[in-house]
Amino acid sequence: MAVRKATIDTLLQEDRIFHPDTEFNRQANVKHREIYAEARSNSRIFWAMQAERLEWFQKWDQVVDWQPPFVKWFVNGKLNACYNCVDRHLKTWRKNKAAIIFEGEPGDTRVLTYWDLWREVTKFANVLRDLGVQKGDRVAIYMPMIPEAAIAMLACARLGAAHSVVFGGFSPDSLRDRINDAGAKLVITTDGSWRRGKIVPLKKNTDLAVAECPTIEKMLVVRRTGQEVSMQEGRDFWYHELEVGAQVGGPCEEMDSEDMLFILYTSGTTGKPKGVVHTTGGYLTGVATTHHMIFDLKDSDVFWCTADVGWITGHSYVVYGPLANGATTLMFEGAPDWPEQDRFWAIVERYGVNILYTAPTAIRAFMKWGEQWPARRDLSSLRLLGSVGEPINPEAWMWYHKHIGGQRCPIVDTWWQTETGMILISALPGITPLKPGSATVPVPGVEADVVDKNGNPVLLGKGGFLVLKEPWPAMMRTIYGDDQRYIDTYWNKIPGKWLYFAGDGARRDYHNYYWILGRVDDVINVAGHRLSTMEVESAFVDHPSVAEAAAIGKDHAIKGQAISVFITLKSSISKEMDSGAKTRKEMQDELKAHVVRKIGAIARPDDVFFTAELPKTRSGKIMRRLLRDIAEGRALGDTTTLADPAVIAELKNRYEAKES
Ligand code: WTA
């Protein structure tokens, strides 16, 4: 790729431009810029054409039915997501193509062809059916990154049951809340999962959760780590025992395009996680299309998205997008630094990975570990790189480009969300000039804007709220069981215009490129994972020693943001600490462990700071903005609305003196 300085606008912070090279363009799935104008001139026809990628049992009779803020895509169309991801490929040469390449943390490997996958999925579906799972049910999945996680998802889809995958790093309490919110009747888990050579006891966690889940009737346990676990007679079943008698094959449920495919929980600004609902026809069309166009997928490619299936990125670009397209998708169970810091590069080398999709937080960790790790592996198979989860810093982009992409691979920086289901802002690698740090432009068929709080577009170069102006096929349909919260969260923030409010700030430069500025609400993005300040604070306040807590996201070199928490302790506890009965360090460790127990390891705060008082407005709102100023060592912003300005001044002095 050629580097050329932008000459148009000296105001740009980042003025490097990387133009697509002609060779990449010549072979690209999308070669011509006309696609944008075509999609804009009639987005319905555009999306209807894309839906032809799928096999429908019955065609739709209306492309889209938009009754803001509720939408239906491919109205009355009938299809099955599992059929599209598995069965239909058996009718082609792909039947013996690798569908899933798996590498486990301990180094074990498995390759499942589409035919293998069909056998495993149909068997799994028959086991679930025998355990009572039916169309319309909800099934919770709490598993590591092993093929059975994808198989379980597809088996649910085959039966017409919605899955709710809960990330294996979440705590029993988090699992319980998600199971109860969805009213799941069955949960699928494993005995354990591997984490840097140690076992995370998933079955035990599930037992703890399910003890408080009245809707759960059965638990299906896949063997992974092999340690002893207790099984409750009549409730718990080993998959490897039921699998023996299970039939291979069997039909797929015919699902309506708008039938629910899955629920996936994500953090919002208030305490309770939101069950984001995705349906079948639009979602699958959206992820298959974007996977094809943005990742430039060829039949010979090995595609590796490093996300866990517990997140939306794993749903859309490990499982549904790639498999709908008949791709070879790689699943890796472990961590990038186990047993050594070149694990990712060893995997790229071992399987000849062509397309790699990972997160800025990982890239920053690789930078820290040093370029000697990728340098000692053969990465010449790579031809395209992707990034997702948070804004990528230009330095990290340049490092990724040089040390991983060998300066020949385009980088697609993809902006999207759990709620959007599919990538909405990204380069198309054959045609879009790249600017490090910018997600570039909305994909064809998607209409975005940057607006002020009244919904009016802001001038180019100015910051505002990122919004979507038209419905897109893979958009969320609602929050499970709570239409009102769906309306309030995404549609009522900017009243009167039916603009989808993403919760991110953005600006556009003079080429109309989007620069995502991060969250504008109380959501903390730790290593690409969303946590709400409320959730973290509730977990702290739940501890008997804590009176009040304020959580903020603080800039962090690797994780993007880290959690800092300001705590006021109950006065009896403060006295105990003053008398030396318990040290501050002991208290901090105890509180950190408590939050990990309540939410999971991703919510472990980097620092816990004790304070007699929190800065509040006269109406009693905690001013997190000022706490962020303190934590990041900035001058304090506007303090005029504070009830007692002395509180913040003292807090700042003590924080800087590290006097927690
Ligand atoms: C952030 C992950 C900048 C953003 C797919 C969004 C990004 C939130 C990018 C969604 C990107 C994701 N550039 N920011 N390329 N991708 N984000 O739901 O704040 O886990 O709102 O979905 O991550 O996170 P979620």
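**Close-up views of a predicted model**

**Figure 1. Strands E6 and E7 form a hairpin with five residues between them.** Gly-107 lies in the turn and has a positive phi of about 105°. This model, like every view that follows, is predicted. The two strands run antiparallel, and five bridges join E6 to E7, which covers residues 109-113. Thr-109 in E7 is the bridge partner of Glu-103.

**Figure 2. The ligand is surrounded by 17 residues.** The closest are Asp-413, Thr-414, Thr-418, Asp-504 and Arg-530. By type, the shell around the ligand consists of six nonpolar, six polar and five charged residues. At least two residues of this shell come from helix H11 (312-324), and at least two come from strand E26 (514-519).

**Figure 3. Side chains of Asp-504, Arg-519 and Arg-530 at the ligand.** An N or O atom in the side chain of Arg-530 is 2.6 Å from an oxygen atom of the ligand. For the side chain of Asp-504, the distance from such an atom to a ligand oxygen is 2.7 Å. For the side chain of Arg-519, it is 2.8 Å. How much of the ligand does the protein bury? Taken alone, the ligand exposes 530 Å², and 96% of that is buried by the protein.

**Figure 4. Lys-91 and Glu-55 are joined by a salt bridge.** The structure holds 53 salt bridges. In this one, the side chains meet with N and O 2.8 Å apart. Lys-91 sits in the loop between helix H4 (81-85) and strand E6 (98-103), and Glu-55 in the loop between helix H3 (43-51) and strand E3 (62-67), so the pair ties together parts that are 36 residues apart in sequence. Is Lys-91 buried or exposed? Lys-91 counts as exposed because its relative accessibility is 54%, and the cut-off for exposed is over 50%. Glu-55, with a relative accessible area of 27%, is partly exposed.

**Figure 5. A salt bridge links Arg-364 and Glu-390.** The closest N and O atoms of the pair are 2.9 Å apart. Arg-364 belongs to helix H13 (residues 360-369), while Glu-390 lies in the loop between strand E21 (384-387) and helix H15 (394-404). The bridge thus links distant parts of the chain, 26 residues apart. Both Arg-364 and Glu-390 are buried.

**Figure 6. Arg-634 forms a salt bridge with Glu-632.** Here the closest N and O atoms are 2.5 Å apart. Arg-634 has 36% relative accessibility and counts as partly exposed. Glu-632, at 23% relative accessibility, also counts as partly exposed.

**Figure 7. Six named residues are joined by salt bridges into one network.** The residues are Asp-173, Arg-176, Asp-177, Glu-212, Asp-542 and Lys-598. The salt bridges that join them share partners.

**Figure 8. The side chains of Gln-417 and Tyr-500 are joined by a polar contact.** The contact is 2.8 Å. Gln-417 is located in the loop between strand E22 (411-413) and strand E23 (448-451). Why does Gln-417 count as buried? Gln-417 counts as buried because its relative accessibility is 5%, and buried means under 20%.

Terms used
Residues are numbered from 1 along each chain as its sequence is written. This is a predicted model: local features need pLDDT of at least 70, side-chain atom pairs count only at pLDDT 80 or more; totals for chains, interfaces and linings use all residues. Side-chain values use heavy atoms; hydrogens and water are left out. A residue is near a molecule or strand if one of its heavy atoms lies within 4 Å of it. A polar contact is a pair of N or O atoms within 3.5 Å; within protein, one must be able to donate a hydrogen and the other to accept it, and residues adjacent in sequence count only if both atoms are side-chain atoms. Accessible areas come from the Shrake-Rupley method with a 1.4 Å probe; for residues, only the protein chains shown count as cover. Helices (H or I, at least four residues) and strands (E, at least two) are DSSP runs, numbered from the N terminus. Ala, Val, Leu, Ile, Met, Phe, Trp, Tyr, Cys and Pro count as nonpolar, Asp, Glu, Lys and Arg as charged, and the others, Gly among them, as polar. A salt bridge is a side-chain nitrogen of Lys or Arg within 4 Å of a carboxyl oxygen of Asp or Glu. Buried means under 20% relative accessible area, exposed over 50%, partly exposed in between (1.4 Å probe, protein chains only). Two strands pair if DSSP finds at least two bridges between them.
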